[in-house]
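Let's take a walk through this model together, starting at one residue and ending where the chains meet. Keep the structure open beside you as you read.

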Amino acid sequence: MASVGCAFFLGGFFNANMASLESYFAFLPWLFIAFVPAVGMRLWSEEKRAGTIELLFTLPVTTLEAVLAKFLASWAFLCLAILLSFPMVLTVAYLGDPDWGVIVSSYLGCLLMAGAYLGICSLTSAFTKNQVISFVVSVFICFVLVLLGWSIFTDFLGGYLALPAWLVDLVSNFSFKSHFDGFVKGIIDPKDVIFFLSLAGFCLFLNVLVLER
Amino acid sequence: MIEVQGLVKNYGALRAVDGVSFKVNRGDILGFLGPNGAGKSTTMKVIMGFLRPTAGTAIVGGHDVTVDPVAVKRMVGYLPENAPAYPEMTVEEFLGFIAEVRGFRTIAQSRPRIERVVDLCHLTQVRRQTIETLSKGFKQRVGFAQALLHDPPVLVLDEPTDGLDPNQKHEVRNLIKQMAAEKAIILSTHILEEVEAICTRIIIITRGKVVVDATPEELHARHAGAQLEEIFRDLTQTDT
């Protein structure tokens, strides 16, 4: 709902006069900052608070299995939520003749990006038994990771602070946004795919270490 | 079945368990006694592979818990202190989840096991209620049912009768006694009458050290005429 609202009111969905979902997808990195941590915040913190973590880890599962299972379950939930935005697709298909390749790549980017956000949330959730702390910390980290690639921020770095271009590129390369923008334009770059998957994978690896501590 | 060897567990600078060793055989009901904070729960958590020991180890059914914790977890039914369970699940969903994790994937495999423990622990009337709505006694029995679900050869029960009324306590004790013949059971408690009622061996632990490892008869013979309560107080008084 919020994502559709953003596209309609902030993104000039209709004014653009184009049969594309670009204005819809452009806002997702920002929306995910709040949305994904809301899903991921209780993954481990709730287990810790309720003491069920003792039950879970005295069942015959390894830490890695438990971490992956929880991650995949929440990811599946996020994927479902993202794919339920299909009325937007139907709308543009009815109003015009959209580029289906771009829509597919945008959705793919979305799912991968959600996975990377979720990895971070799962990790922060393992540090605390308080869901609120878990939520705030993951929102903060996700926000920074989006901000790094925001054009206004990179312009500030490059223009106002006059940092060399390679340094600005380096900084923005850590951002969700820079890696996501390619997908929205219809480019599936293996670099971007690997960025999202490796970020999620690295976070889950740390997650296992934190839990086994 | 269970062999604990020189177990040490530190929490930072605090030594919670200090060189605990004992053995439990099939048919034994080991009563694990001690004042609060003596290291009972910690010892059990280490046996279950939930905490990693600072030194020493526990061997359950031939599997070293520091080497192959999953094999140990498969063999043991564990009732953690306060019987934690997922509050938003119903009793049936929860037991179904445990059955699945324990490897009973199909309904045909899990159904009879769930029916058995629901029956055994008298959960029939609450089986469709969510766990958060249950009273302490029912929650405790759900935890007990969960531990018995896969009919394990080893049971580790952390204060199994905590929160139950006298009738329920009596029932749980009978249940434990019935199962004792083919299982090795460790139960922790600070209710002394319970130990006298069902345990075949007593270990008293204080400040992380074992101070008594004997049968109830031996203990009484050693302290002629004394009640278990007096013996307990004598041995653990230094704590307070």
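Predicted model: local features only at pLDDT ≥ 70, side-chain atom pairs only at ≥ 80, totals over all residues.

Glu194(B) has a relative accessible area of 1%, so it counts as buried, the cut-off being under 20%. What does its side chain pair with? The side chains of Glu194(B) and Thr161(B) are joined by a polar contact of 2.5 Å. Setting aside neighbours within four places in sequence, Glu194(B) is in contact with Thr161(B), Arg173(B), Leu187(B), Thr189(B) and Cys199(B).

Strand β9 of chain B (residues 201–206) and strand β10 of chain B (residues 209–214) pair in the antiparallel sense, over five bridges. Within this pairing, Ile205(B) stands opposite Val210(B) in β10(B). The two strands β9(B) and β10(B) make a hairpin with two residues between them. In that turn, Arg207(B) has a positive phi of about 50 degrees.

Four of them are set out here.

| Glu92(B) | Arg127(B) | 2.4 Å |

Let's look at Glu92(B) and Arg127(B), whose side chains meet in a salt bridge. This pair links distant parts of the chain, 35 residues apart: Glu92(B) belongs to helix α3 of chain B, while Arg127(B) is in the loop between α4 (107–120) and α5 (136–148) of chain B. Are these two partners buried or exposed? Glu92(B) is buried, with a relative accessible area of 18%, and Arg127(B) is buried as well, at 12%.

Glu115(B) and Arg111(B) give another arrangement. Because they are four residues apart in helix α4 of chain B, about one helical turn separates them. Both count as partly exposed, Glu115(B) at 31% relative accessibility and Arg111(B) at 34%. Salt bridges that share partners join Glu92(B), Arg111(B), Glu115(B), Arg127(B) and Arg128(B) into one network.

Over in chain A, Glu46(A) and Arg42(A) both lie in helix α4 of chain A (residues 42–50), four residues apart, about one turn of the helix. Glu46(A) is buried, with a relative accessible area of 12%, whereas Arg42(A) is partly exposed at 37%.

That leaves the meeting of the chains. Here 19 residues of chain B are in contact with 16 residues of chain A. Between them the two chains bury about 1,600 Å², with 68% of it on carbon and sulfur atoms. Three residue pairs are in polar contact across the two chains, both residues being at pLDDT 80 or more.

Which helices of chain B supply at least two residues each to the side that touches chain A? They are α2 (69–75) and α3 (91–101). Of the elements involved, α3(B) gives the most, with four residues. By residue type, the side of chain B that touches chain A divides into twelve nonpolar, one polar and six charged residues.

How values were computed
Residues numbered from 1 in each chain as written. Chains lettered and ligands numbered in written order. Heavy atoms only, no water. Contact = heavy atoms within 4.5 Å. Buried area = accessible area lost by both parts, 1.4 Å probe. Polar contact = N/O pair within 3.5 Å; in protein donor to acceptor, adjacent residues only side chain to side chain. Nonpolar A, V, L, I, M, F, W, Y, C, P; charged D, E, K, R; others polar. Pairing = 2+ DSSP bridges. Buried < 20%, exposed > 50% of the residue type's maximum accessible area, 1.4 Å probe, protein only. Salt bridge = Lys/Arg side-chain N within 4 Å of Asp/Glu carboxyl O.
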